[in-house]
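Thank you for making time for this. I would like to go through one model with you, beginning with a pocket, then moving to the helices and a few residues in loops.

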Amino acid sequence: MEEFYTISNNSEAEIIEKKSKFIAHIFYVESIEEAEKYLKATRKKYHDARHNCFAYAIETIDGGIAVKYNDDGEPAGTAGSPILKILLEKGITNVLVVVTRYFGGILLGTGGLVRAYTKTTLEALNKVEIIKKEKGCEIELEIEYCDLESAKKYLYDIGVKSIKVEFLEKVKLNAEIPKNMLKYIETEDVKKNFKILKYNILEEKII
């Protein structure tokens with residue numbers, strides 16, 4: 001999938017349920033490594049808590065979705081699984097949710113735990129905007145000075161998100177472009193608009 005829905009910003013929320021404190025942190029992430037980094041930092045911050053449960057859903061290069069969840073000592077299926085279910089039902093990816101629980105001395109039961117972890121996650125999600133992003137690439141083009149305006153117009157017309165211009169012996173353009181539009185850089189139509197002297201794909205990225 002080239003396009004996907006995710007969150008606009010990180011957020012947090014807190015609820016109290018029968019003296020237990022639940023704190024949800026929601027993070028936008030672009031890789032499993034980044035998710036694990038946020039998870040490690042959150043566990044360190046709340047090292048004195050009884051549980052730090054989590055779930056994430058992350059877009060992969062091959063078009064799939066990597067998912068993982070953990071109940072961190074809570075009864076199986078009462079914490080991480082309900083969190084992941086919310087992400088999947090809302091159809092959002094590149095999201096990590098960590099819900100920390102400080103035990104208040106009163107057992108909530110399996111149903112109570114599911115409701116508490118679900119409620120905390122939803123409250124944090126209510127503080128973010130759901131936005132659409134897509135998989136793309138950063139490309140580098142070298143062109144003649146006389147072709148600059150034609151090149152910029154053509155690139156914006158095919159969906160380029162941003163263009164950085166560097167004036168050297170020739171003009172160097174760095175642009176972020178959706179992956180499914182790369183074919184239009186290599187088509188004959190380009191030659192009708194401007195001449196590409198050099199062309200490189202620098203990296204794949206989310207745009």
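**The largest pocket and what surrounds it**

Let me begin with the largest pocket, which has a lining of 17 residues, and those nearest its centre are Glu-30, Glu-59, Thr-60, Ile-61 and Ile-206. Please keep in mind throughout that this is a predicted model. The space in this pocket comes to about 330 Å³. As for secondary structure, the elements that contribute two or more residues to the lining are α1, β4, β7 (130-143) and β10 (196-206), and among these it is β10 that gives the most, with 4 residues. What is the make-up of the lining, in terms of nonpolar, polar and charged residues? The lining divides into 8 charged, 5 nonpolar and 4 polar residues.

Which residues of α1 are buried? They are Ala-35, Leu-39 and Thr-42, and because they fall within an arc of 65 degrees when one looks down the axis of α1, they line one face of the helix.

Turning to α2, which runs over residues 80-90, its buried residues are Gly-80, Pro-82, Ile-83, Leu-84, Ile-86 and Leu-87, and the elements covering them include β4, β5 (65-70), β6 and α3. After α2 comes Gly-91, with a positive phi near 70 degrees. In the loop that leads from α2 to β6 we also find Thr-93. Is Thr-93 buried or exposed? Its relative accessible area is 5%, so Thr-93 is buried, the cut-off for that class being under 20%.

For Lys-19, in the loop between β2 (11-17) and β3, phi is about 75 degrees, and the residue counts as exposed because its relative accessibility is 63%. For Asp-72, in the loop between β5 and α2, phi is about 45 degrees, and with a relative accessibility of 28% this residue counts as partly exposed.

Finally, I would point to Asn-126, which sits in the loop between α3 (109-125) and β7. Asn-126 has 66% relative accessibility and therefore counts as exposed. How far apart in space are Asn-126 and Lys-198? From C-alpha to C-alpha the distance is 46 Å, and in sequence these two are 72 residues apart.

Definitions and conventions
Residues are numbered from 1 along each chain as its sequence is written. This is a predicted model: local features need pLDDT of at least 70, side-chain atom pairs count only at pLDDT 80 or more; totals for chains, interfaces and linings use all residues. Side-chain values use heavy atoms; hydrogens and water are left out. Buried means under 20% relative accessible area, exposed over 50%, partly exposed in between (1.4 Å probe, protein chains only). The arc is that of the directions from the helix axis to the C-beta atoms. On a 1 Å grid over the protein atoms alone, a cavity is a set of points where a 1.4 Å probe fits but cannot get out, and a pocket is an open set with protein on both sides within 12 Å along at least five of seven lines; lining residues have an atom within 4 Å of a point. Grid points are joined across faces, edges and corners, and a volume is the space filled by probe spheres set on the points. Ala, Val, Leu, Ile, Met, Phe, Trp, Tyr, Cys and Pro count as nonpolar, Asp, Glu, Lys and Arg as charged, and the others, Gly among them, as polar. Contact means heavy atoms within 4.5 Å.
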